[in-house]
Amino acid sequence: MTNSMEMKVSTKNGVGFYVRAAASFLKGIDAKEASEGKEAAEAKPPVDELKISALGEAIIAAVTAAARAEADGLGSITKVETNYPEMTNG
């Protein structure tokens with residue numbers, strides 16, 4: 001079974017946030033102890049597959065995150081797809 005995750009990119013956060021998030025998903029994160037008012041965080045293993053999706057102006061951040069992950073040797077881009085969402089009348 002493939003450990004798959006989808007990261008939905010929006011314009012709410014900057015490109016750097018999504019680059020770091022993609023790297024964290026693909027590398028996994030180490031457990032962190034609670035300190036200075038922050039709660040402890042459990043370790044998370046890397047995902048086998050990361051699907052990055054975006055709409056409109058957020059597409060550039062999605063492309064940048066994917067290209068950076070590939071450039072850093074964390075994975076490879078296997079598919080790029082564009083599509084128009086279905087719109088309901090009314």
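**Why these labels?**

The crossing of H1 and H2 in this predicted model is right-handed.

Q: Which residues of H1 and H2 meet?
A: On the H1 side they are Val15, Tyr18, Val19, Ala22 and Leu26. On the H2 side they are Ala61, Thr64, Ala65, Arg68 and Ala69.

Q: How do the residues of the contact of H1 with H2 divide into nonpolar, polar and charged?
A: Eight are nonpolar, one is polar and one is charged. Thr64 is the polar one and Arg68 the charged one, because Arg counts as charged and Thr is among the others.

Q: What makes the meeting of Asp72 and Arg68 a salt bridge?
A: The N to O distance between their side chains is 3.2 Å. The cut-off is a nitrogen of Lys or Arg within 4 Å of a carboxyl oxygen of Asp or Glu, so this pair qualifies.

Q: Why are Asp72 and Arg68 called partly exposed?
A: Asp72 has a relative accessible area of 46%, and Arg68 has 44%. Buried means under 20% and exposed over 50%, so both values fall in between.

Q: How do you know that Glu81 and Lys79 form a salt bridge?
A: Their side chains meet at 3.1 Å, N to O, and the limit is 4 Å. By this rule the count comes to two salt bridges.

Q: Are Glu81 and Lys79 buried or exposed?
A: Glu81 has a relative accessible area of 54% and Lys79 has 61%. Exposed means over 50%, so both are exposed.

Q: What makes the phi of Glu36 worth a remark?
A: Phi of Glu36 is near 45°, a positive value in a residue other than glycine. Most residues other than glycine have a negative phi. Glu36 sits in the loop between H1 and strand S2 (49–54), and its relative accessible area of 82% makes it exposed.

Q: Why does Ala23 count as buried?
A: Its relative accessibility is 16%, and the cut-off for buried is under 20%. Ala23 belongs to helix H1 and, not counting residues up to four places away in sequence, touches Gly28 and Leu74.

Q: How do you know that Ala69 is buried?
A: Ala69, in helix H2, has a relative accessibility of 9%; buried means under 20%, so the label applies. Leaving aside neighbours within four places in sequence, Ala69 is in contact with Leu26, Leu74 and Gly75.

Q: What makes Asp48 exposed?
A: Asp48 has 57% relative accessibility, and exposed means over 50%. Asp48 lies in the loop between H1 and S2.

Q: How many residues apart in sequence are Asp48 and Thr2, and how far apart in space?
A: Along the sequence they are 46 residues apart, while their C-alpha atoms are 6.1 Å apart.

Note on methods:
Residues numbered from 1 in each chain as written. Predicted model: local features only at pLDDT ≥ 70, side-chain atom pairs only at ≥ 80, totals over all residues. Heavy atoms only, no water. Left-handed = near helix turned anticlockwise from the far one by under 90°. Helix = DSSP H or I, 4+ residues; strand = E, 2+ residues; numbered from the N terminus. Contact = heavy atoms within 4.5 Å. Buried < 20%, exposed > 50% of the residue type's maximum accessible area, 1.4 Å probe, protein only.
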